[in-house]
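Work through the exercises below with the model open. Try each task before reading its solution.

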Amino acid sequence: MKFFVDTADIAEIRDLAESGLLDGVTTNPTLVAKAGRDFTEILKDICDVVDGPVSAEVTATDAKGMIEEGEKLARIADNITVKVPLTIDGLKACRHLTGNGTMVNVTLCFSAVQALMAAKAGATFISPFVGRLDDISQDGMQLIQDIRQIYDNYDSFTTEILVASIRNPVHVLKAALIGADVCTIPPSTLRQLVKHPLTDAGLQAFLADWAKTGQKIG
Ligand code: G3P
């Protein structure tokens, strides 16, 4: 499973990239607004640090406008993935942009048939939002399961399932058990994945016992 980080904060991205665990980045207009910097500058900085796909979302709502914005964004760096919303215009733009060799992430997916449409439009990634479904008492992970089954039914589909709107480590665990291709994870949740109280307690005990030996390695 690939790990993308869901942020436009370059300091966070630099820090996480050093771990070697980062396969890509996703941004959205909300995250860009939060970062409070120029969008193009943010994207250039991120692409300097991360080699994998970096999602940059269009803000036009018609296909022509999305294509124009997508082509501009794609010129920033080879690893820019243009993010388009799951609308008819978004799917038209997706087909056009992927046809020209640009990676496209179709976002705001909340149903399995929407994911089927995105695969038919040649999307590189489909982004189902699990947390936002859970928020309204629907089962976000069931959606991932359904999309996995549909995509596995057809060899011609190459779209990768990019689980988005992740809120906790259990979302990542369940996505991995289902066999999703990618999780895009907020920085704080990404750091939580490595934590376990028994690891911390065990390490403390080992270090205390080692100190008693008075030895040093090397
Ligand atoms: O980038 C899409 C996404 O992951 C949104 O997450 O927490 O705003 O639902 P959230």
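**Exercise 1: Two helices in contact**

H6 and helix H8 (residues 140–153) pack with their axes 9 Å apart, at an angle of about 40 degrees. This is a predicted model: local features need pLDDT of at least 70, side-chain atom pairs count only at pLDDT 80 or more, and totals for chains, interfaces and linings use all residues. Residues are numbered from 1 along each chain as its sequence is written, and side-chain values use heavy atoms, with hydrogens and water left out.

Task: classify the packing of H6 and H8, then list the residues that make the contact.

Solution. 
- Step 1. Helices (H or I, at least four residues) and strands (E, at least two) are DSSP runs, numbered from the N terminus. Axes are lines fitted to C-alpha atoms, for helices over the stretch in contact, and angles run from 0 to 180 degrees between N-to-C directions.
- Step 2. Apply the angle classes: under 35 degrees is roughly parallel, over 145 roughly antiparallel, 65 to 115 roughly perpendicular, and the rest oblique. H6 and H8 are therefore oblique to each other.
- Step 3. List the contact (heavy atoms within 4.5 Å). H6 contributes Ala-112, Ala-115, Leu-116 and Ala-119, while H8 contributes Leu-143, Asp-146, Ile-147, Ile-150 and Tyr-151.
- Step 4. Sort these residues. Ala, Val, Leu, Ile, Met, Phe, Trp, Tyr, Cys and Pro count as nonpolar, Asp, Glu, Lys and Arg as charged, and the others, Gly among them, as polar. The contact of H6 with H8 has 8 nonpolar, no polar and 1 charged.

**Exercise 2: Aromatic pairs**

Task: how many aromatic pairs are there, and why is the pair Phe-4 and Phe-125 edge-to-face?

Solution. 
- Step 1. State the rule. Rings of Phe, Tyr and Trp (its six-membered ring) pair if their centres lie within 6.5 Å; planes under 30 degrees apart are stacked, over 60 edge-to-face, and the rest tilted. The count comes to 4 aromatic pairs.
- Step 2. The ring centres of Phe-4 and Phe-125 are 5.7 Å apart and their planes stand at 75 degrees, so the pair is edge-to-face.
- Step 3. Phe-4 lies in strand S1 (residues 2–6) and Phe-125 in strand S6 (residues 125–128), so this pair ties together parts 121 residues apart in sequence. Both Phe-4 and Phe-125 are buried.
- Step 4. Tyr-154 and Phe-157 form a tilted pair, 5.5 Å centre to centre with 55 degrees between the planes. Ring pairs link Tyr-151, Tyr-154 and Phe-157 into a cluster.

**Exercise 3: Burial**

Task: is Thr-189 buried or exposed?

Solution. 
- Step 1. Buried means under 20% relative accessible area, exposed over 50%, partly exposed in between (1.4 Å probe, protein chains only).
- Step 2. Thr-189 has 4% relative accessibility, so Thr-189 counts as buried. Thr-189 is found in helix H10 (residues 187–192).
- Step 3. Compare other residues. Phe-157 is buried at 19%, while Tyr-154 is partly exposed at 44%.
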